Amino acid sequence: MLSVVFRGDDLPAEQRFDAWRELSGKAVLRTLMDSDRAADFRATLRAGGLGPVQVSAMTYQSLRSRRTPALIRAADPELYQLALVRGGRQCITWRDRDRELALGHGELLFYDSSHPFTAEIRTGEMAASSVVVQVPRELLPMDRDRADGLLGTRVPPDDPVGVLLRQFIDAVARPAGAGVAPYTATDAGRLGLVLTDLLTALLNRQYERRPGAAVAAGGRETQLLCVQAFIERHLGDADLSPAAVAAAHHVSLRSLHRLFEPVGLGVAGWIRARRLDRCRRDLADPALSRRTVRAIGATWGFPRPADFNRAFRTAYGLSPGEYRRLAGAPTVCAER
């Protein structure tokens with residue numbers, strides 16, 4: 001559930017814009033703001049955490065918000081950000097990349113806190129509204145170069161994965177009804193994982209839909225999905241290997257490797273990536289805080305702690321223990 005951070009109607013008109021500028025900078029992201037409605041500015045801000053994922057729902061009148069190089073040098077939280085436009089027309093410009101986008105209702109925009117931008121909202125008497133999701137860069141389970149290459153991506157309202165993500169964000173950001181209990185810390189942590197996974201699915205979809213991206217065709221695509229589903233069901237099996245997968249599907253090892261060519265990962269690489277993702281989810285799950293890092297690795301096919309630590313750090317840039325602490329899940333004394 002999101003808590004009220006700012007409600008302009010609670011303040012005298014002449015104090016609203018300055019208060020909004022200060023509180024929104026602390027709760028969301030520090031920017032330089034000005035508005036032609038500053039004399040009688042109306043805005044609201046509700047914010048809350050889903051584990052390490054921050055969700056902020058805002059309404060506001062016309063304004064200009066600038067994330068400058070000086071602000072980035074002074075303090076950069078290194079966040080990936082996803083904005084959902086819920087009302088009004090909004091324009092964002094990246095001067096360093098000579099790019100400008102206009103966004104309307106239902107559109108999603110992926111950007112970050114480390115690049116300068118200018119956002120302009122012109123609403124007249126009406127209020128605009130948006131929801132901003134912020135994910136620590138280290139916690140997005142996606143190749144950094146791939147994710148950074150998608151910065152500035154706009155997702156239209158009819159994208160099917162975008163629809164799912166938008167519905168989830170809308171549900172999380174909706175004000176609590178009377179008599180509805182708030183999320184527990186465990187609920188919030190799990191919902192943060194779901195939100196991060198949906199964002200990752202959306203970004204991977206956008207990456208794969210770029211011109212020139214390889215796509216498996218027809219029956220091969222169906223066969224690939226069946227093989228991947230088999231791997232998912234057997235990730236905890238110690239003897240899961242490309243040879244075992246090929247034998248289970250009555251194909252040669254060479255044919256299996258050819259089937260995975262459009263994925264960009266070999267069969268062994270896919271198995272390792274899926275196991276590491278399961279480990280990542282368990283490490284961030286507050287309900288599994290009593291389980292040691294060593295036990296989590298062993299559960300998903302990494303019986304040797306040194307191998308698990310090395311593979312996890314290579315994939316995510318952090319050790320399993322560091323990731324767990326950053327994700328906000330409590331640790332137990334027996335961890336190493």
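Strand 6 (residues 79-87) is mostly covered, with 8 of its 9 residues buried, where buried denotes under 20% relative accessible area, exposed over 50% and partly exposed the range in between, for a 1.4 Å probe and protein chains only. The model is predicted, so that local features need pLDDT of at least 70 and side-chain atom pairs count only at pLDDT 80 or more, whereas totals for chains, interfaces and linings use all residues. Residues are numbered from 1 along each chain as its sequence is written, and side-chain values use heavy atoms, with hydrogens and water left out. Helices (H or I, at least four residues) and strands (E, at least two) are DSSP runs numbered from the N terminus, and two strands are taken to pair if DSSP finds at least two bridges between them.

Strand 6 pairs with strand 11 (residues 128-136) in the antiparallel sense over 8 bridges, and 5 bridges join strand 6 to strand 9 (residues 108-112), again in an antiparallel arrangement. A83 stands opposite V132 in strand 11 and opposite L109 in strand 9.

An open sheet of 5 strands, with antiparallel pairing, has the order 2-5-10-7-8. Strand 2 (32-34) and strand 8 (99-103) stand at its edges, each with a single partner strand, so one side of each lacks a neighbour in the sheet. Neighbouring strands of this sheet are turned by 15° against each other on average, direction ignored. Strand 2 is joined by 3 bridges to strand 5 (residues 63-67), the two running antiparallel, and D34 stands opposite R64 in strand 5. Helix 1 (residues 13-27) packs on the sheet, touching strand 2 and strand 5, and its direction makes about 155° with that of strand 2; contact here means heavy atoms within 4.5 Å, while axes are lines fitted to C-alpha atoms, for helices over the stretch in contact, with angles from 0 to 180 degrees between N-to-C directions.

The axes of helix 11 (residues 305-316) and helix 12 (residues 320-327) come within 8 Å and cross at roughly 55°. The contact is made by F308, N309, F312 and R313 of helix 11 together with P320, E322 and Y323 of helix 12. In helix 12, P320, G321, Y323, R324 and A327 are buried; seen down the helix axis, the buried residues fall within an arc of 160°, and they therefore line one face of helix 12, the arc being that of the directions from the axis to the C-beta atoms. The cover over these buried residues includes helix 9 (267-284), helix 10 (293-299) and helix 11. Just after helix 12, G328 takes a positive phi of about 90°.
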